[in-house]
Amino acid sequence: MRKRMIGFILGLVIVIGAGVVLTTFRKPDCSQLSPGQPAEVEVIPIPMAGPLNQRSAEISGMDWYGEYLIILPQYLDHADGRVMYAIPKSEILKALQEPSAPPIEPIRIPVEDQMFGDKDVKDFEGYEAIAFIENQLYLTVEVSSDDGMVGYLISGEIEPDLSRIVLDVDGRQSIPLPQDIDNLTDEAILAVGDQLVTIFEANGAVVNPSPAAQVFDSNLNLARNISFPVMEYRVTDATRLDSSGNFWVLNTFTLGTYDLDPAEDQIAQQFGEGCTHSYYHWVERLVELHYEPETGITLSETPPIQLALQGTVLSRNWEAVVRLDDQGFLIASDKYPKTILGFVPLP
């Protein structure tokens, strides 16, 4: 009996292990969708040269400065000197038109930030988001203190020739956080006229049942709070507003984010799940929102853009997004599973 029980347990372990392996490395057959099932979009990678293509770059935000895509690393000292990066839009369009073209060489922009995060700030967790108003740039920052999480808003100025960026770290302002959750602060920022809107990372029904976004003026004074929709999972970056007051956010659920304690996904309930999203546990999508100065931020009626997932363990941690004209979006990941700059065409 004992041998039989041991054999049963070993067999059960083997079956469970085999199931985990198959689920992890075997993709579902998505050649034919079920009736009414939404299609998913494949991310088209754009090769970049070093050091921006290294995992240590940990891309955390992007925004347009004129015809240049400005890329914000989470830690500015990951390479020689303290730097951000710029890529001409023309180089991105060329890479998409000529897939065999060599990797894009990013322009290095030296940053003067008084070594912020290296000497005066304990448990500095990096720069998280970036937005431009003309030559002024605004960054959100994440810090883990003894009293809990702290978010900051920092302003700076970029030289028009991209020769340097100077940050006013002494003038930083605290961002009120709706909840104290480890490793979570305001990870998205968008410029609305001469004001700035910052968005907390976790807005799910359980962890943050009454979400709100913060509105600051260009001098970093907190003007007011505005409503934000309940949205499960993480919100990691936002595009600029379009002429209709709409913008898109990255909305993801990846390995290591179980502390979000997600409730029922109302967006998936309304619009359905794509093939890989119905098979795997993770979420990688773009969600459109609408901004009204008086009433706040609401979900639009546009279906989300669901990205075709790569697998259970190989979930991608998308941290940055911008529009690319009327063609689609550029998105970027941090070091999980590696640094990726990708193009998401409009469906």
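The largest share of the lining of the second largest pocket comes from strand E2, with four residues. E2 covers 59-65, and at least two lining residues each come from E2, E6 (124-133), E10 (186-192), E15 (231-238) and E20.

Before I go on, a word on the model: it is predicted, so to speak of a local feature we need pLDDT of at least 70, and side-chain atom pairs count only at pLDDT 80 or more, while totals for chains, interfaces and linings use all residues. Numbering starts from 1 along each chain as its sequence is written, and side-chain values use heavy atoms, with hydrogens and water left out.

Back to that pocket. Its volume is about 280 Å³. It has 23 lining residues, with Asp63, Trp64, Arg240, Val322 and Arg323 closest to the centre. By class, 13 are nonpolar, two polar and eight charged. For these classes, Ala, Val, Leu, Ile, Met, Phe, Trp, Tyr, Cys and Pro are nonpolar, Asp, Glu, Lys and Arg are charged, and the others, Gly among them, are polar. A pocket is an open set of points on a 1 Å grid over the protein atoms alone, where a 1.4 Å probe fits, with protein on both sides within 12 Å along at least five of seven lines; lining residues have an atom within 4 Å of a point. Volume means the space filled by probe spheres set on the points, which are joined across faces, edges and corners.

And the largest pocket? That one has a volume of about 510 Å³. Asn183, Arg234, Asn317, Asp334 and Tyr336 lie nearest its centre, out of 27 lining residues. Its lining has twelve charged residues, eight nonpolar and seven polar.

Tyr336 takes us to a cis peptide bond, which joins it to Pro337 with omega of about -10 degrees. Pro337 sits in the loop between E21 and E22. These two strands pair in the antiparallel sense over five bridges, where pairing requires that DSSP finds at least two bridges. Ala332 has Leu341 in E22 as its bridge partner.

On to E20, residues 318-324, which is antiparallel to E21 over six bridges.

How many residues of strand E21 are buried? Six of the six, residues 328-333, so the strand is largely enclosed by the rest of the structure. Buried means under 20% relative accessible area, exposed over 50%, and partly exposed in between, with a 1.4 Å probe and protein chains only.

Tyr233 has phi near 75 degrees and lies in strand E15; at 11% relative accessibility, Tyr233 counts as buried. Leu220 also has phi near 75 degrees, but its place is the loop between E13 (212-217) and E14 (222-227). At 3% relative accessibility, Leu220 is buried.

Last, the sheet that holds E2. It is open, with eight strands in the order E2-E3-E4-E5-E9-E8-E7-E6 and mixed pairing. E2 and E6 are the edge strands, each pairing on one side only.
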